Structures are given as structure tokens and as C-alpha cells.
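Colleague: Could you walk me through this one slowly? I am still learning to read these pictures.
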Amino acid sequence: MAELSPVLKQATPVLAARGEGVHLYDEDGRRYLDFTAGIGVTSTGHCHPRVVEAAQRQVGTLIHGQYTTVMHRPLLDLTERLGEVLPEGLDRLFYVNSGSEAVEASVRLARHVTGRQNIVAFQGGFHGRTMGAAALTTSGVKVRAGIGPLMPGVVFTPFPEAYRHGWSQAEATRFALAEFDQLLATTSSPRDTAAIIVEPVLGEGGYIPAPPEFLAGLRERADKHGILLIVDEVQTGVGRTGRFWGHDHAGIRPDILITAKGLASGFPLSAIAAPAELMGQAWPGSQGGTYGGNAVAAAAALATLDVVRDEGLVANAAEQGARLQEGLRKVAADHPVIGDVRGLGLMIGNEFTTPDGRPDTATATRAHAAAAERGLLLLTCGPHGNVVRMIPPLVVDSAQVDEGVRLWAEAVQAAVA
Ligand code: PMP
């Protein structure tokens with residue numbers, strides 16, 4: 001009898017049979033409050049009726065209109081619609097299926113257009129598991145260990161991690177920008193450096209928001225040296241952080257933006273956006289893929305964007321995120337094992353630390369499991385797995401946030417008892 005491979009590691013013991021809004025139900029009908037949203041994907045909640053209706057309609061009309069063979073209406077409509085929410089000037093798009101593919105496509109584009117090789121990535125960053133994306137990833141060694149050699153031409157520099165070093169945001173920013181400058185002066189000359197790739201909130205690496213001054217500093221350096229700034233909005237995009245894009249908090253403009261996850265409420269779809277003059281320098285036919293921009297996924301994305309707008313989900317993410325963070329801070333105040341609560345919008349991490357300041361993975365693991373036992377589904381992140389993260393669907397309401405905080409308080413209490 002065939003079984004699933006143990007290479008897949010499941011964060012919770014739940015066998016999900018059905019999803020509705022912020023809830024998942026197992027085969028016995030037990031209800032779970034889902035603060036994982038399928039790793040930040042089901043932005044409109046599980047099976048939002050408008051997304052379901054759009055996808056069902058498209059399934060009966062055209063499932064696969066292969067976009068390098070024929071074009072189809074859902075992708076044209078989605079492109080026009082994304083134009084309304086993308087940063088000014090990033091008005092040329094193409095599509096693939098996953099975050100990793102979009103990351104690799106952005107690297108292809110940046111190398112192609114600049115004729116330079118190196119990509120600067122940040123220590124602790126996550127950009128995916130395929131070999132090129134894994135080469136950019138240092139959120140935890142399991143993504144890289146034992147599979148090298150990975151894509152060459154990647155250089156790393158520190159991300160501003162204030163809490164880990166006991167620094168202020170300003171100190172962390174100053175340090176990270178100085179290290180960046182040192183990198184260009186010692187290791188990767190600007191003439192060899194094609195792009196910088198950065199997450200507006202370090203995601204898998206520990207849910208650490210980038211200080212706005214840090215992103216502004218990268219923008220300034222990119223402009224000075226003709227380096228492209230790739231902003232990886234795979235996890236932070238489409239309202240997750242309480243602004244439409246995570247980089248909106250810093251008021252900067254990316255040269256290349258990539259989005260996936262929350263874009264299509266669970267259908268595999270990712271997009272790469274850049275200005276026309278940049279896209280125009282790449283060879284036609286140099287990007288693509290069999291399934292990219294699938295018609296059903298595009299229809300679901302269009303419905304997702306409509307729901308995000310019509311239900312005010314970006315504002316809701318800001319409002320409920322603030323409420324959630326406030327509740328979590330109260331729990332942390334009662335439990336010194338939680339050394340830091342941080343995040344933007346509905347992307348919040350609770351970092352567990354020992355009294356002498358080391359990662360407390362054991363207590364974080366117990367709290368995560370105790371939450372699942374109580375019907376609250378969460379994820380962990382960070383290189384040591386000691387950050388418990390909360391990333392609910394953007395439709396979450398006040399009562400559900402409060403219930404989540406209550407269950408979390410119980411789970412933490414059980415973990416430290
Ligand atoms: N970039 C970021 C910022 C991500 O969070 C992820 C997924 N967690 C990826 C890229 C990779 O996306 P995928 O798993 O769809 O390949």
C-alpha cells in the first residue's frame with residue numbers, strides 16, 4: 001500500500017475535510033479556528049462564495065487556455081484589474097504557478113535585463129524550495145542542506161534583526177545598511193550585481209518587519225548603482241500586512257514585484273510585475289510555462305481582488321491585526337517566555353526565548369501543539385522554530401480574534417505549566 005512520504009512534515013494532526021471562512025472542519029466534524037490560512041493563502045477565507053462561484057463558472061467554460069499558445073479572457077481581465085492595485089508604473093505582467101517559480105522568473109528577468117550575475121539576498125530570507133529559489137533562501141538550513149551545489153551568483157548580507165541583537169530599529173537598520181555597503185565594496189561589485197531581493201516582512205525566517213528606513217536605504221542604493229530591487233510580496237501581498245503591499249509601509253517603489261499566495265485564494269497562481277521599459281528588454285519567449293496563468297486560477301484571482309475591495313479586507317487586516325497584536329502582547333506580558341510579539345497587519349509572530357536570551361524551541365513547540373489541541377491552528381517559523389506565527393484569513397472578525405487570543409493564552413499556560 002502506498003503512503004505519503006515522510007519528506008512532507010505536517011505541522012498539525014488535522015485531516016481537513018471542509019473549510020468555510022476562518023474555519024476548517026475535520027472528518028469527524030470538529031471545528032478549528034484556522035490562523036494559518038494555508039500559509040497565508042486563503043486570504044478571502046476558505047471557500048468564499050464569490051471565489052467558488054467564479055471558479056465553478058470558469059471550470060465549465062475553459063479550464064486550460066495555454067497562454068503561450070492562445071490567450072484567454074480571465075488572464076486579460078486579471079491583468080487589467082491588477083493594474084489598479086500595482087504600484088505606479090509596474091504595468092507589465094506575466095504569470096507562473098508558485099512563489100518559487102515567480103522568484104526564479106524574477107531572477108531570470110533581472111539577469112537578462114542588466115547583463116549582470118549576482119543577486120543580493122538577506123540572511124534569514126525565504127524565497128522558495130526549487131533549486132534557484134533555495135539558493136536565495138537562508139530561513140533555516142533544512143531548505144539547503146545536502147542538496148547543493150545550488151544556483152551560483154548569490155551573495156548574502158544581514159537583515160535588520162533588532163530583537164535578536166537587543167538593538168533599536170534604528171541601530172538594526174544602520175548595521176544592515178552598513179553591511180550591505182560593505183558587501184558591494186568587498187564581495188559583489190555593483191557592476192556584477194543584478195538585483196537585490198527582499199521580503200517586506202521576513203516571513204519563514206521569523207516574521208520580522210523590515211524597518212521602512214531599511215527598505216528606503218536599499219531603494220537609494222539600487223538607484224545609485226543601477227541594481228534592480230525585487231520585492232518578494234509572495235507572503236506579504238494582497239492586504240496581508242494591513243496595506244495592499246507590504247512595501248507600501250515604506251513608501252518605496254520596487255523595480256520588480258512578485259505576488260502569489262493570497263492572490264487567488266488557494267488556486268496556484270503567481271505574478272511578476274515590472275515597468276514596460278524593463279520587461280521590454282527581455283527576449284520574447286524567455287519566460288513562460290505550461291500551466292502558468294491557468295484560466296480557473298485567474299478567474300479565482302479576479303474574484304479574490306473583488307472580494308478584497310468590496311469587503312474592505314485591507315482595512316480589516318490592519319484593524320484586526322492591531323487587535324490581535326494587542327491581545328497577544330497581554331499574553332506575553334503574563335508569560336516572560338514570550339520575549340517578543342511583532343508583525344504588520346495579520347502577519348504576527350510570538351518569539352519564545354529562554355531567560356538568558358536563547359531561542360526556546362521546546363516551549364514554542366509545546367504551545368503550538370497545545371493550541372491545535374484546543375482547536376486553534378498555528379504555524380511556527382524562524383531558523384530555530386521558536387516563533388509561533390499567526391496568519392489568519394483577512395476576513396477574520398473581532399470575535400474570532402478574541403477567541404484566538406483566549407485559546408492562545410490557554411495553550412501558552414499549558415506549555416509553561
Ligand atoms: N517567497 C516567500 C516570501 C514565501 O513566503 C514563499 C512561501 N512560503 C515563497 C517565496 C515560495 O512560494 P511557493 O511555496 O509557492 O513556491
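Colleague: Which residues are closest to the ligand, and how many surround it?

Modeller: This is a predicted model, in which local features need pLDDT of at least 70, side-chain atom pairs count only at pLDDT 80 or more, and totals for chains, interfaces and linings use all residues. Residues are numbered from 1 along each chain as its sequence is written. The ligand is surrounded by 15 residues (C-beta atom, placed from the backbone, within 6 Å of it), and the closest are Ser-98, Gly-99, Ser-100, Val-234 and Gln-235.

Colleague: Which helix gives the most to that shell?

Modeller: Helix α4, residues 99–114, does, with three residues; helices here are DSSP runs of H or I with at least four residues, strands are runs of E with at least two, and both are numbered from the N terminus.

Colleague: And what about the sheet, which order do its strands have?

Modeller: The sheet is open, with seven strands in the order β4-β12-β11-β10-β7-β5-β6 and mixed pairing, where two strands pair if DSSP finds at least two bridges between them. Because β4 (92–96) and β6 (154–158) each have a single partner strand, one side of each is left without a neighbour in the sheet.

Colleague: In which sense do β10 and β11 pair?

Modeller: Strand β10 (residues 228–232) and strand β11 (residues 256–259) pair in the parallel sense over three bridges, and Ile-230 stands opposite Ile-256 in β11.

Colleague: Where does helix α7 lie?

Modeller: Helix α7, residues 169–186, lies across β5, β6 and β7 and runs at about 150° to β6, with axes fitted to C-alpha atoms, for helices over the stretch in contact (C-beta atoms, placed from the backbone, within 7 Å), and angles from 0 to 180 degrees between N-to-C directions.

Technical notes
Two residues are in contact if their C-beta atoms, placed from the backbone, lie within 7 Å.
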